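Here's a quick walk through one protein model and its ligand. Have the structure open in your viewer as you read.

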Amino acid sequence: MERKVFSLKYRPKTFDEICVQEVVVRTLKNAILNNKIHNAYLFSGPRGTGKTTTARIFAKALNCEKGMTINPCNQCEICKEIDNSNSLDVIEIDGASNRGIDEIRELREKARFNPIKGRFKVYIIDEVHMLTTEAFNALLKILEEPPPYVKFIFATTNPSKVPKTIISRCQRFDFRKATCEEIVSRLKEIAKKEDLILEEDAYYQIAKRADGAIRDAEVILEQVSVFASLPIKSEDVEKLLGVVPERIIFEYFSELKKGDIKEVLKFLVRIEQEGRDPFEFYKSILQSFRTILLVKNGLPKKALGITEEEYQEFNEIGNLFSDQEIYEMMNILINYERLLKYTSFPEIALESLSLSLLKYFRLKKEMGIISLGKIYSVSPKIAGILEDTIIKEVDNIVNIYYQPIKGKLIILQEHEEEIREVLKKILNKEIKIKFIQREMKEEKKISEIFDKTFEGFEELK
Ligand SMILES: Nc1ncnc2c1ncn2[C@@H]1O[C@H](COP(=O)(O)OP(=O)(O)OP(=O)(O)O)[C@@H](O)[C@H]1O
Ligand SMILES: [Mg+2]
Ligand SMILES: [Zn+2]
């Protein structure tokens with residue numbers, strides 16, 4: 001029997017098998033039902049989210065022998081040819097390797113001829129953003145006045161590199177990343193058909209690594225199923241991917257929290273001896289900070305694909321710091337990326353990085369920071385009011401550093417009595433309160449990371 005990789009074997013063949021991209025599918029179906037087919041479509045979105053798959057199904061829907069339909073038959077010659085990528089009417093072009101003007105000119109020449117078997121000639125240009133400027137210009141000409149039987153589907157992972165002139169002539173569809181939950185349920189379906197058994201954690205471990213790409217998740221599932229025995233555990237996935245288990249990261253954070261340089265260095269030597277890749281470890285730390293920030297800002301567990309325990313741990317660290325401080329630490333981390341990648345001494349870079357982070361953790365320890373978590377447990381209302389402030393106690397004076405937001409000070413002053421009561425309860429002594437305005441800096445790099453993280457989580461924003 002022919003053996004196919006999962007990602008081809010389970011490639012959806014009908015609209016209804018496509019998961020995650022409900023909006024895209026619904027709109028395309030409506031276009032077919034109402035017979036309102038545009039000349040050109042732009043499918044944009046992260047890798048492995050179904051762009052090519054959807055383009056092929058749409059092409060079948062347009063050309064199926066049974067008539068234009070939202071349920072292509074997959075039995076007729078035309079459907080089969082499209083599935084096997086050998087239809088003469090559905091032409092797939094890889095924009096990355098056919099970037100030049102000559103290829104597009106040739107396309108224009110051929111587009112003049114009627115389709116051979118189907119109703120339409122469908123050009124699917126993958127990675128369309130890779131075309132040269134001249135090629136785009138040539139493409140634009142045919143987009144302006146295409147023969148009625150020619151349809152274009154452009155796919156891209158990078159729509160910002162596609163000229164506006166092209167985009168404005170297309171109907172655009174944004175494919176989104178799949179959430180962890182969605183990937184897990186897709187993997188479970190495949191596992192069932194393949195008689196694989198995985199522990200729940202293993203599914204999540206795979207989904208997390210796939211970062212929204214369904215194809216990547218399928219590939220990892222297949223790889224791990226080849227070498228691991230059943231039931232597949234999350235350690236099997238970790239081994240395969242060389243990822244650093246969450247447990248190790250939490251140990252790292254716990255050392256940082258204790259604030260002892262010697263112990264932190266000892267810990268780093270230990271993980272080096274365990275043979276862990278410093279760069280993988282670095283990536284996990286950065287990833288964790290991102291998670292801390294997201295947890296702190298209320299992104300649900302479900303979207304992050306973490307367990308309840310992990311959520312609590314991240315939450316606790318997040319409560320130690322303000323958003324601003326987390327930004328600062330993440331910036332330190334990002335600045336280490338190149339260094340860690342290219343140095344001959346990544347272990348030393350990791351130590352130096354850890355000491356920079358340690359400074360932040362020690363500051364909290366030495367300066368009597370009162371965490372929002374503690375305040376929350378006494379009064380959720382006051383915790384809400386004190387959100388995004390830093391609260392430090394020094395010699396019976398509690399300094400509350402607030403962000404320069406209009407009206408913030410007034411709100412704080414209005415609640416001064418209640419705040420004092422809560423702090424008194426926590427510290428078990430009489431205190432004075434001082435409100436002090438903090439300075440804010442713009443952190444561009446970080447806001448970019450943040451946007452990237454939210455990609456595909458539109459509805460959760
Ligand atoms: N939305 C989806 N529903 C079901 N399976 C999917 C989906 N997206 C991707 N897959 C799986 O991943 C495989 C690859 O998908 P596809 O080639 O369509 O992705 P793509 O978005 O075109 O990726 P790339 O940008 O890398 O070209 C499919 O064969 C299928 O197994
Ligand atoms: Mg593709
Ligand atoms: Zn058909």
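Domain bounds here come from an automatic or database domain assignment. Keep in mind that this is a predicted model. With that in place, the assignment gives four pieces: domain 1 (6–174), domain 2 (180–241), domain 3 (246–366) and domain 4 (372–437). The centres of domain 1 and domain 2, taken over C-alpha atoms, are separated by 31 Å. These two domains do touch: 10 residues of domain 1 are in contact with 12 residues of domain 2. On the domain 1 side of that contact, the residues sort into 5 nonpolar, 4 polar and 1 charged.

**Around the ligand**

Which domains contribute to the shell around ligand 1? Domain 1 (6–174) and domain 2 (180–241) each put in at least three residues. There are 22 residues around ligand 1, and the ones that come nearest are Arg-11, Gly-50, Thr-52, Thr-53 and Arg-215. Looking at helices instead, at least two shell residues come from each of helix 1 (6–9), helix 3 (51–63) and helix 10 (214–227). By class, the shell has 8 nonpolar, 8 polar and 6 charged residues.

**Helix packing**

Next up are the helix pairs. Two packed helices are described by the angle between their axes and the distance between the axes. Here are three pairs with those two values.

| Helix pair | Angle between axes | Axis distance |
|---|---|---|
| Helix 8 and helix 9 | about 125° | 9 Å |
| Helix 8 and helix 10 | roughly 45° | within 10 Å |
| Helix 10 and helix 11 | roughly 105° | within 10 Å |

Let's take helix 8 (residues 180–193) with helix 10 to begin with. Their axes cross at roughly 45°, so the two helices are oblique to each other. The crossing is right-handed. Helix 8 brings Ile-183, Arg-186, Leu-187 and Ile-190 to the contact, and these meet Ile-214, Ala-217, Glu-218 and Leu-221 of helix 10. That contact comes to 6 nonpolar, no polar and 2 charged residues.

Helix 8 also packs against helix 9 (residues 200–210), at an angle of about 125°. Why is this pair called oblique? Angles of 65 to 115 degrees count as roughly perpendicular and those over 145 as roughly antiparallel, so helix 8 and helix 9 are oblique to each other. This crossing is right-handed. From helix 8, the residues Cys-180, Ile-183, Val-184, Leu-187 and Lys-188 meet Tyr-203, Tyr-204, Ile-206, Ala-207, Lys-208 and Ala-210 of helix 9.

The last pair is helix 10 with helix 11, whose axes cross at roughly 105°. These two are therefore roughly perpendicular to each other. Ile-220, Gln-223 and Val-224 of helix 10 face Asp-236, Val-237, Leu-240 and Leu-241 of helix 11 in this contact. Sorted by class, the contact has 5 nonpolar, 1 polar and 1 charged residues.

Two spots deserve a look in your viewer. Where does Asp-195 sit? Asp-195 is in the loop between helix 8 and helix 9, and although it is not a glycine, its phi is positive at about 55°. The other spot is Pro-231, in the loop between helix 10 and helix 11 (234–241). Leu-230 and Pro-231 are joined by a cis peptide bond, with omega at about -10°.

Technical notes: Residues are numbered from 1 along each chain as its sequence is written. Chains are lettered from A and ligands numbered from 1 in the order in which they are written. This is a predicted model: local features need pLDDT of at least 70, side-chain atom pairs count only at pLDDT 80 or more; totals for chains, interfaces and linings use all residues. A residue is near a molecule or strand if its C-beta atom, placed from the backbone, lies within 6 Å of it. Helices (H or I, at least four residues) and strands (E, at least two) are DSSP runs, numbered from the N terminus. Ala, Val, Leu, Ile, Met, Phe, Trp, Tyr, Cys and Pro count as nonpolar, Asp, Glu, Lys and Arg as charged, and the others, Gly among them, as polar. Axes are lines fitted to C-alpha atoms, for helices over the stretch in contact, and angles run from 0 to 180 degrees between N-to-C directions. Angles under 35 degrees count as roughly parallel, over 145 as roughly antiparallel, 65 to 115 as roughly perpendicular and the rest as oblique. A crossing is left-handed if the near helix is turned anticlockwise from the far one by less than a right angle, and right-handed if clockwise. Two residues are in contact if their C-beta atoms, placed from the backbone, lie within 7 Å.
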